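Trainee: I have a new model open on my screen and would like to learn how to read it. Could you take me through it one feature at a time?

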Amino acid sequence: MKQLITFLFTTFLVSTLSAQTEQGKILLGASSNFNFGSVKLTDIEGVDESDLPDMTSSSSEFSFDGGYFVVDNLALGLFISSESSKLELEGESDSESSLMTYGVMARYYFGESGLFGEASYAIGTQDDGGDDTDISGLGIGVGYALFLSDNISINPSLGYSSIKSESSGVEMKMGGLAGSIGIALYL
């Protein structure tokens, strides 16, 4: 009996995913990544611990994307992302920064497993109150589409991005991992 229930549940999941990633379907998605933290300096050589300032940082990111399944399991599309961060240091002026990027993406669903791989290219501008910084970057990631209904899925993902920024003739390169959770609508 247990095997029958497992088989029926798996068949249902596979048939649902297959219907949603067919050629001609539209993918609309949104994701967010929140980081809030409070950081306290614990030691600076030569400074008494009671004289250390408090420091708090926070950041948030929202991303919206849309794609079209050009063939079964492969969606090509566009995205826009907005990120803001704030650093508060006791006795100093707050430091705020915002980043707006937009770009292209490709997402491929591996068979009917729910697993997907994604690649993207983005350009944008970072504003931190001084000179604007031009940003460009490549990203790759993997995720899983957990379907809540025939047309809606929750998509946890993990990715790596390589970013290049340029401001006042100075070029800087960065890279790192990021996790996010999103929701997608399949039309």
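Trainee: Let's start with charges. Which residue forms a salt bridge with R107?

Mentor: A salt bridge here is a side-chain nitrogen of Lys or Arg within 4 Å of a carboxyl oxygen of Asp or Glu. The partner of R107 is E118, and their closest N and O atoms are 2.7 Å apart. E118 lies in strand β5 and R107 in strand β4, so the pair ties together parts that are 11 residues apart in sequence. Strands are DSSP runs of E with at least two residues, helices are runs of H or I with at least four, and both are numbered from the N terminus.

Before we go on, a word on the source: this is a predicted model, in which local features need pLDDT of at least 70 and side-chain atom pairs count only at pLDDT 80 or more, while totals for chains, interfaces and linings use all residues. Residues are numbered from 1 along each chain as its sequence is written, and side-chain values use heavy atoms, with hydrogens and water left out.

Trainee: How many salt bridges does a search of the whole structure find?

Mentor: One.

Trainee: Is R107 buried or exposed?

Mentor: The terms come first: buried means under 20% relative accessible area, exposed means over 50%, and partly exposed is in between, with a 1.4 Å probe and protein chains only. R107 has 7% relative accessibility and therefore counts as buried. E118, at 25%, counts as partly exposed. Across the chain, buried residues make up 26% of the 187 residues.

Trainee: Which side chain does a polar contact of 3.3 Å join to that of R107?

Mentor: A polar contact is a pair of N or O atoms within 3.5 Å; within protein, one must be able to donate a hydrogen and the other to accept it, and residues adjacent in sequence count only if both atoms are side-chain atoms. In this case the 3.3 Å contact joins R107 to the side chain of Y109. Y109 lies in strand β4 and is buried, at 0% relative accessibility.

Trainee: Which residues make up the largest nonpolar core?

Mentor: In soluble globular proteins, nonpolar side chains tend to be buried together. A nonpolar core is a set of buried Ala, Val, Leu, Ile, Met, Phe, Trp, Tyr and Cys residues joined through side-chain atoms within 4.5 Å. The largest one here has 12 residues: L27, F69, A75, F79, M105, Y109, F116, A122, A145, F147, A184 and Y186. Strands β3 (74-89), β4 (95-109), β5 (115-127) and β9 each supply at least two residues of this core.

Trainee: What is T21 in contact with?

Mentor: Contact means heavy atoms within 4.5 Å. Not counting residues up to four places away in sequence, T21 touches F69, V71, D72, N73 and Y109. T21 lies in the loop between α1 (2-20) and β1 (26-40), and at 1% relative accessibility T21 is buried. The C-alpha atoms of T21 and Y109 are 7.5 Å apart, although 88 residues separate the two in sequence.

Trainee: And how do I read strand pairing? Over how many bridges do β8 and β9 pair?

Mentor: Two strands pair if DSSP finds at least two bridges between them. Strand β8 (residues 152-167) and strand β9 (residues 170-186) pair in the antiparallel sense over 16 bridges. Together they form a hairpin with two residues between them, and S168 in the turn has a positive phi of about 55 degrees. Along this pairing, S157 stands opposite S180, and I152 stands opposite L185.

Trainee: Which other strands pair with β8?

Mentor: Strand β6 (residues 133-144) runs antiparallel to β8, joined by 10 bridges; V142 has L158 as its bridge partner in β8. Strand β7 (residues 146-147) also pairs with β8 in the antiparallel sense, over two bridges. F147 is there bridged to S153, and β7 and β8 form a hairpin with four residues between them.

Trainee: What pattern does the chain follow along the sequence?

Mentor: Read that way, the pattern is α-β-β-β-β-β-β-β-β-β, with one helix and nine strands.
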